[in-house]
Amino acid sequence: MSKYIASIDQGTTSTRCILFDHAGSIISVDQKEHEQIFPKPGWVEHNALEIWGNTKTVIYGALKKAQANSADIIAIGVTNQRETTLVWDKTSGEPVYNAIVWQDTRTDGICNELEKEGGQDRFKRTTGLPLATYFSGPKIKWILDNIPETRERAEKGELIFGNMDTWLIWNLTGLHITDGTNASRTLLMDLITLEWDEEILGILTIPHAMLPEIRSSSEIYGSVVDGLPLQGVPVAGDLGDQQAALFGQTCYNVGEAKNTYGTGCFLLLNTGENPIPSKSGLLTTLGYKIGDQAPIYALEGSIAITGALVQWLRDNLGLIDKASDVEELANTVEDNGGIYFVPAFSGLFAPYWRNDARGAILGMTHYVNKGHIARAVLEATAFQTREVLDAMEADSGVSLSALKVDGGMVFNNLLMQFQSDLLNVPVVRPNVAETTALGAAYAAGLAVGFWKNFDELRANWTIDKVWEPDMDIETRQRLMTSWKKAVTRTFDWV
């Protein structure tokens with residue numbers, strides 16, 4: 001009987017379970033969306049109990065589709081939306097509040113207050129991160145400050161915190177752990193020691209006892225408890241989604257980069273064993289840590305809204321019936337008609353880090369129709385990626401020769417061609433585009449010996465499609481100049 005690795009991919013809009021074989025091929029997939037909760041402008045929440053229920057459902061679904069059972073699964077890897085923050089009762093498992101999603105901007109007041117002493121880069125030397133609403137630490141503080149009795153209960157040791165990886169692993173195994181990639185997104189971890197920083201915890205008034213133990217990204221943590229799907233199977237891999245994609249794209253050498261086109265867009269560049277401080281608005285983050293090996297670091301450019309903009313076009317405006325329709329609509333026009341859509345719905349992330357920005361469509365005339373809007377929506381993703389890549393080259397001194405891409409939007413040919421045109425380098429899609437789930441599977445498989453080394457993983461990586469640049473330099477420069485002008489118009493809105 002064939003043996004597989006199960007990967008649980010807990011994303012911003014859905015949860016999936018994918019079974020992979022030794023060649024890194026997908027054997028089965030099951031997926032379930034969860035509700036997006038918007039209580040107030042700028043607030044985004046998830047129901048963590050719904051997500052846990054969906055996780056069990058998709059595990060059963062993936063097993064059924066593969067005609068497999070627990071005995072066929074060697075190990076489980078977990079990957080997750082990263083900064084999304086949950087606090088729950090460690091005895092009952094009951095969350096004290098909905099999970100506060102990474103896109104949520106309610107902590108801008110907390111961040112502004114913290115900035116008064118030391119500025120936006122107050123904790124950057126320690127954590128690699130600027131003060132921003134994006135990260136988990138200020139979200140924990142908001143819950144403790146605003147939900148009745150939570151601070152008292154946290155100080156008594158009754159409540160625990162986790163990003164969604166910790167929540168799922170706790171439910172699966174009973175263990176309260178995370179890995180360094182997720183911990184590096186909290187604004188609470190020292191990037192060098194890979195331990196929680198007591199000084200920052202004190203400033204944010206977060207009890208240390210709430211926090212999970214930080215482990216490597218690839219080791220046997222524990223086994224699934226009885227009564228659950230996959231009971232007895234070891235959970236052996238844990239990576240934040242973007243680091244998992246870096247790992248799944250086999251970017252194991254210094255200077256190798258990938259871009260994931262999902263709800264947001266995340267460009268990561270492997271910088272090796274040395275964390276590189278960014279002077280250009282990027283994040284310094286942990287890339288991965290495999291067992292006892294040295295930690296590998298990365299530079300990251302995080303873009304809040306990309307695929308979510310297509311979803312907004314579908315759900316809020318009703319211009320398309322399904323996300324895949326956006327390409328057909330955008331292809332009804334030759335160009336963007338002179339309009340630029342800056343999707344600063346949650347402020348601007350890299351390289352600007354402006355919590356005060358809000359979304360805008362600029363350059364509107366009578367000529368513009370819904371095709372131009374669809375095209376501007378897709379182009380916004382490519383423009384934002386180009387700005388992040390420019391910052392990355394400035395920080396690292398490494399010029400990109402090609403961009404490895406993955407995520408749901410990479411099947412949009414119009415977007416991928418425009419991306420190649422703007423970057424003036426080839427854009428390369430691998431045969432398995434689900435590299436986030438694959439990276440978590442690889443981490444788990446290495447821990448249990450299913451794969452022996454990086455060479456085996458590299459051998460699994462094969463090319464599906466390449467887009468070559470086909471745009472003259474004048475057009476490229478004109479488009480980027482107009483885009484940058486549009487971005488500045490969104491500043492200081494709030």
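The model is a predicted one, in which local features need pLDDT of at least 70, side-chain atom pairs count only at pLDDT 80 or more, and totals for chains, interfaces and linings use all residues. Residues are numbered from 1 along each chain as its sequence is written, and side-chain values use heavy atoms, with hydrogens and water left out. Helices (H or I, at least four residues) and strands (E, at least two) are DSSP runs, numbered from the N terminus.

- Most residues other than glycine have a negative phi, and most peptide bonds are trans.
- Threonine 250, which is not a glycine, has a positive phi of about 55°, and its place is in the loop between H9 and S15.
- Threonine 250 counts as buried because its relative accessible area is 5%, where buried means under 20% relative accessible area, exposed over 50%, and partly exposed in between, with a 1.4 Å probe and protein chains only.
- Leucine 187 also is not a glycine, and it has a positive phi of about 75°; this leucine is found in the loop between helix H7 (180-183) and strand S10 (189-190).
- Leucine 187 has 0% relative accessibility and therefore counts as buried.
- Alanine 350 and proline 351 are joined by a cis peptide bond, with omega at about -5°, and proline 351 lies in the loop between strand S19 (340-342) and strand S20 (360-362).

- An open sheet is formed by seven strands in the order S17-S18-S16-S15-S21-S22-S23, with mixed pairing; two strands pair if DSSP finds at least two bridges between them.
- Strand S17 (283-288) and strand S23 (463-467) stand at the edges with a single partner strand each, so one side of each has no neighbour in the sheet.
- From one strand to the next, the twist averages 30°.
- Strand S21 (residues 403-406) and strand S22 (residues 427-430) run parallel and are joined by two bridges, and lysine 404 has valine 428 as its bridge partner in S22.
- Helix H9 (residues 241-248) lies across strand S15 (257-261), strand S16 (265-272), S17, strand S18 (296-303) and S21, and runs at about 55° to S17; axes are lines fitted to C-alpha atoms, for helices over the stretch in contact, and angles run from 0 to 180 degrees between N-to-C directions.
- H9 is mostly covered, with eight of its eight residues buried, and among these buried residues are Asp241, Gln242, Leu246 and Phe247.

**The pair of helices H1 and H6**

- The axes of helix H1 (residues 48-66) and helix H6 (residues 164-173) come within 11 Å of each other and cross at roughly 60°.
- H1 and H6 are therefore oblique to each other, given that angles under 35 degrees count as roughly parallel, over 145 as roughly antiparallel, 65 to 115 as roughly perpendicular and the rest as oblique.
- On the H1 side the contact is made by Ala48, Leu49, Ile51, Trp52 and Thr55, and on the H6 side by Met164, Trp167, Leu168, Asn171 and Leu172, where contact means heavy atoms within 4.5 Å.

**Single residues and their surroundings**

- Arginine 375 has its place in helix H12 (residues 370-396), and because its relative accessibility is 12%, arginine 375 counts as buried.
- Leaving aside neighbours within four places in sequence, arginine 375 is in contact with residues including Glu334, Asp335 and Leu414.
- Lysine 141 is placed in helix H4 (residues 136-146) and is buried, with a relative accessible area of 16%.
- Apart from neighbours within four places in sequence, lysine 141 is in contact with Ile110, Arg151, Leu204, Thr205 and Ile206.
- Valine 29, found in strand S3 (residues 26-33), is partly exposed, with a relative accessible area of 30%.
- Valine 29 and cysteine 17 are 12 residues apart in sequence and 5.8 Å apart in space, C-alpha to C-alpha.
- With neighbours within four places in sequence left aside, valine 29 is in contact with Arg16, Cys17, Ile18 and Lys65.
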